[in-house]
Amino acid sequence: MLFLTPWFFVFACAAFSVYWVVPQRMARLFILLALCIVFHAHFAGPAGVLPIVVLAVVTYAAGLSRHKTACAAGIGLCVASLVFYKYTRFLCLSVLGTVWPHGGYDLFKHVGPLLPLAPPLAISFFVFEFVHYLYDVGQGEAPIKNPLHFALFSVFWPSIVAGPVKRYGQFLPALEEGIRRVHKRDVAVGLILLAVGLVKKFAADNLTAYVSCYDKHFAALGMSERWMVFAAIGLRILWDFSGYSDMAIGFALMLGIRLPANFNWPYVAVSITEFWRRWHISLSTWIRDYVYIPIGGSRQGAVRKIFNGLLAFTICGLWHGAAWNFLFWGVYHGVGLAVSSSYQRLAGRAGPALAARLGGSALAPWGLATWLAVYRVATWALTMLFVHVGWLFFFYPVPTAVRMLRLLLTKRL
Amino acid sequence: MGPVPSNRKWARWLVPNALFVGVAAGFATCCIAGVVASHQNPLRKVERFHLFICPETLYYPTVNQLCELAQGRLTTGKIAVIIGGNSRMHGTCQPLARVWTRQLQALLGDQFEVLNFGFRGAYSAEIGAIAAETLSRRYPKVIFVTDCAPGDVESHPDGVRFRYFFWDAYFKHLLYPDAERELRLREESREVPVEEQRQGRSSLFEGYYEDVKQRMRLDSVCYFTDLWNTIGYRRFFTVWTGTTADRPVWPRRKYHDPDSGPRPLSMRYPEDREELLARVRPPRLCLKDERGCWVKNPPVSQTYERALRTCFAASMRPRTVMVVLRQSSYLSQQLSREDQEFLGEVCRLTVRMCEEAGMTALEAGADYAFDDYADILHLTGSGGAKLAADVAPKVKELARRLGYMERESP
């Protein structure tokens, strides 16, 4: 958690002090860029800075050309970099290694030494932003001409590490507004968001300690304690992730730059579709706009729609981590979304007729409003159950998650 | 003031200037409260730093707090005997009523005040040593007692597991200037690449090395750890741990020393005898030359000598009693004759090297019985009594040598 390091505290105090004091627009632009470079260089190290510099230069140049082929090549390079840095080990040892153990291992022996100890900092985020940029420019949108603007779009420090995933069409006007003038109200709101994010992170860290203590002995716990751990897993990730987003958005706001919200009370969702409109909004909309819609979306019939949804969510799952359980989690949500949108369509067609029948039935004295309320609570509970079961697959290997799921339903295996 | 964001209607009620003043005032208040807390003594009833008031359960006592505890107990003229080191000196496996430091106090008498600053998992020069050094700058009569295994002492001047404590004292300028230690610290920061400093040498309780240093540098200005400790000890705790899961927000003053004593003899030594014997064999501090005489093993002994000089400040070494404490006699007697001879030689050499470094040193544990050990390392109550009986005369001898008390007439 980079925002909670002592170095960052000193950095932030210095950064905001300098940024607020300097009134000129161009000076602020340069200062902000310098701060972003210092931030990224400190946490990424020299080996982590090089990939983003190379990819940024290539993306900028490809975008400036406005040539579809150049943009496509740029997208290919960005995706290839992400696959190389993040997924080489998984592809060699887990995918290829499953069907051809020696081949996978031998391939990794050759390729593995080329990999750094850890993937470059924030590679998942900046690759997605570059891909979005090149896709939009390839579709005819205007590219970013100002290299300073592009550099800031690439390494904007509040959001580079864990989002929100920015859209340049939204970011650049916000950047212009911020460097032109920082409003006191924005700084105040930013401070409050920062405080809220800190409280959420603090609570999430406590929940993490709680879960880590008990998940290894899940089978030894009583039934109520198992369900508490189960609930804590879901709460932990919400507070951890949304807390970080709040802090990122708060810091950006303190610079006068408005980033879009990334979480909108996801645990009040009454359907999977609604959940994904409220959870990690910047990622889910990116997946929709740059994976789901380009491969056909819902335009080619019901079967193709389900396939496209599954593929989009598989990529979404794998984006979170290079392991089978992340892939499984993605597919799980893809299936859930397909089922959810199908029964919603069915309920939509059957709804008025059903309501009319209920209105005339023996249950009528309770009224339609009551039944709708019951329906909403039931759908909310089912949605939350679905989402929380999904978190088991997100955090644990599939066999462990299945075991934990069974232990939630039975005392002993 | 700026437009209200569309998704944050509550922002219209904000008075930004008032919020800024409030945040700044709140931060300053917390810093001042931390400074005040650092000069208080919330730990006055603490006899030793048991499981619930130590970093294992995320409670991080500061140097000032330990010194305030010490000064609260010391009346004018008393000789402070600071016990440092690890769980053995802490008295793990000895219930509080029979802890060896109480027995040491009884043997030394009222002229001395024994303060148990041994921490489970600490190395010889961690925590207790720093507290003793800091206290000696404020209080004239301080003797420091610590332990080491034969031939073994940490190699980093700032410690191994509790580096936060060293840097807490360092950045608050509480330590004696020590050129050799300072040089070693600078050498270490150059030897270890920045990336590894950031990520390497992370310990179970502390996190990354670079973060520890920076956190304590910041804390030397803000005093947040002192404030948090005081609140956590007196009012409520704010971090969940598995050990305190039943009552996670209980103030730590409500927790009592949980050590109930050793396990039965039959349960003290697990099955893997070879692994245990490997742990009893000491580092190769010495070896036999062509004539069959024991001589120092240069690479190991030079590292040991440098560690003694750089981990213990020059001004503190003359006030230090190093107890070279053997591991369990139950195990060491199962070593081969050659290994036993080697162990004995390493013990003697360790004592000699500590004395050459300016310390007072003694060997203990060679003649302790099976029942004096609770496991491979720790002493039972009876073992603690023997340790106290071994240490007390050395402490008195050192006190006389330092001029803290009059020499006894022949």
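How many residues does the contact take from chain B and from chain A? It takes 28 residues from chain B and 28 residues from chain A. Keep in mind as you look around that this is a predicted model.

Let's start with chain A by itself. Its secondary structure comes to 16 helices and 0 strands. Is the fold stretched out or compact? A compact globule of 413 residues would have a radius of gyration near 22 Å, and chain A comes in at 24 Å, so the two agree. If you'd rather picture a box, the C-alpha atoms fill one of roughly 75 × 60 × 50 Å along the principal axes. Of the 413 residues in chain A, 50% are buried, meaning that they have under 20% relative accessible area.

Now back to where the chains meet. The size of an interface is often given as the accessible area lost when the parts come together. Here chain B and chain A bury about 2400 Å² between them, and 67% of that is on carbon and sulfur atoms. On chain B's side, the elements giving two or more residues are helix 1 (16-38), helix 8 (194-199) and helix 9 (209-222). Helix 1 of chain B gives the most, with 6 residues. Sort the chain B residues that touch chain A by type and you get 16 nonpolar, 6 polar and 6 charged.

What about salt bridges across this interface? The rule finds 0 between chain B and chain A. For polar contacts, the count is 3 residue pairs, both partners at pLDDT 80 or more.

Definitions and conventions
Residues numbered from 1 in each chain as written. Chains lettered and ligands numbered in written order. Predicted model: local features only at pLDDT ≥ 70, side-chain atom pairs only at ≥ 80, totals over all residues. Heavy atoms only, no water. Contact = heavy atoms within 4.5 Å. Buried area = accessible area lost by both parts, 1.4 Å probe. Salt bridge = Lys/Arg side-chain N within 4 Å of Asp/Glu carboxyl O. Polar contact = N/O pair within 3.5 Å; in protein donor to acceptor, adjacent residues only side chain to side chain. Helix = DSSP H or I, 4+ residues; strand = E, 2+ residues; numbered from the N terminus. Nonpolar A, V, L, I, M, F, W, Y, C, P; charged D, E, K, R; others polar. Rg over C-alpha atoms; globule rule 2.2 N^0.38 Å. Buried < 20%, exposed > 50% of the residue type's maximum accessible area, 1.4 Å probe, protein only.
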